[in-house]
Amino acid sequence: MSYQKFNNFFHDCKELGIEIVANESYGENDTDFKAQLTTIAGAKPDVLLLPEYYEKLSLITPKAREANIEATFLGEDGWDGILKTMDESSYDIIQDAYFANHFSIEDTDPEVKEFIDTYREKYGEDPTAFSALGYDSVYIIKDGFEASKSDSNEDRIAAIKAINFEGITGDFSFDENNNSQKSAVMMKIDDGKYTFDSVQEKQPPCKPYQDS
């Protein structure tokens with residue numbers, strides 16, 4: 001999690017009356033998290049936010065349970081793929097974990113279903129959010145180039161920024177800072193599967209909090 005993202009998260013929790021009982025960090029190449037997890041275990045949190053990618057999550061989550069952390073795991077889209085990096089015998093470790101994602105393979109929308117079926121047929125596995133984002137990215141560029149007034153980079157960029165795009169990962173547009181504004185799909189890991197939980201509708205751009 002970037003510093004700015006954590007800063008926003010910290011202040012939003014404060015406004016919502018959510019107490020952060022521990023805040024630990026580690027280096028990019030670290031593989032030993034015992035000290036951090038011991039501190040977190042002592043704080044006895046109800047939930048543990050792990051905004052990390054699945055490769056490292058497959059190392060952290062078992063160690064968290066070994067440290068007697070019983071908290072519910074929460075995460076971001078980096079969790080999409082963790083089932084491939086953990087042995088099925090370890091799925092109970094991440095049972096009932098929740099994470100925000102870009103789409104759900106349980107989506108019954110015809111366009112989404114066609115994408116999922118085609119991907120499965122070609123690659124023999126379910127697409128992750130990263131696959132869906134890559135697919136949408138190509139079509140955003142395509143639509144932007146086709147809508148551009150000219151072949152100049154300036155006009156192409158302006159056309160892309162003006163797009164209201166409907167894709168596999170939802171309906172979204174871009175704000176003045178070039179950040180996509182879109183809904184999020186909340187997923188739950190249940191019995192070794194990614195299951196749809198709910199949709200968090202598109203929110204206004206987050207105002208960055210600054211240190212006082």
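Predicted model: local features only at pLDDT ≥ 70, side-chain atom pairs only at ≥ 80, totals over all residues.
View 1. Strand β5 covers residues 170-174 and pairs with β6 in the antiparallel sense. Three bridges hold this pairing. Another bridge links phenylalanine 174 to serine 180 in β6. Phenylalanine 172 also stands opposite phenylalanine 165.

**View 2. β4 and β5 run antiparallel, joined by three bridges.** One of the facing pairs is phenylalanine 165 and phenylalanine 172, the latter in β5.

**View 3. The open sheet has three strands in the order β4-β5-β6.** Pairing is antiparallel. Which strands stand at the edges? They are β4 (165-167) and β6 (180-182). Each has a single partner strand, so one side of each lacks a neighbour in the sheet. Neighbouring strands are turned by 35° against each other on average, direction ignored.

**View 4. Helix α6 lies across the strands β4, β5 and β6.** The helix spans residues 129-147. Its axis runs at about 145° to β4. The strands it crosses form the open, antiparallel sheet of View 3.

**View 5. Asparagine 178 sits in the loop between β5 and β6.** The two strands form a hairpin with five residues between them. Asparagine 178 belongs to the turn and has a positive phi of about 70°. Most residues other than glycine have a negative phi. Is asparagine 178 buried or partly exposed? Asparagine 178 counts as partly exposed, because its relative accessibility is 45%.

**View 6. Aspartate 191 occupies the loop between β7 and β8.** Strand β7 covers 184-190 and β8 covers 193-200. Aspartate 191 is not a glycine, yet has a positive phi of about 55°. With a relative accessible area of 63%, aspartate 191 is exposed. The cut-off for exposed is over 50%, so the value of 63% qualifies.

**View 7. Threonine 61 is a buried residue of helix α3.** The helix runs over residues 54-66. How much relative accessible area does threonine 61 have? The value is 0%, so threonine 61 counts as buried. What does threonine 61 contact, leaving aside its neighbours within four places in sequence? The partners are Leu50, Phe73, Trp79, Met86, Ile93 and Ile94.

**View 8. The whole chain sets the context for the close-ups.** The chain has seven helices and eight strands. Its C-alpha atoms fill a box of roughly 60 × 50 × 30 Å along the principal axes. Of its 212 residues, 34% count as buried. Among contacts with a separation of 6 or more, 56% come from residues 24 or more positions apart. The chain exposes about 13,400 Å². Carbon and sulfur atoms supply 49% of that area. There are 20 positive and 43 negative side chains. The centres of these two sets lie 2 Å apart.

Note on methods. Residues numbered from 1 in each chain as written. Heavy atoms only, no water. Pairing = 2+ DSSP bridges. Helix = DSSP H or I, 4+ residues; strand = E, 2+ residues; numbered from the N terminus. Axes fitted to C-alpha atoms, helices over the stretch in contact; angles between N-to-C directions. Contact = heavy atoms within 4.5 Å. Buried < 20%, exposed > 50% of the residue type's maximum accessible area, 1.4 Å probe, protein only. Areas by Shrake-Rupley, 256 points an atom, 1.4 Å probe, with all protein chains shown as cover. Lys, Arg positive; Asp, Glu negative; His and termini not counted. Charge placed at Lys NZ, Arg CZ, Asp CG, Glu CD.
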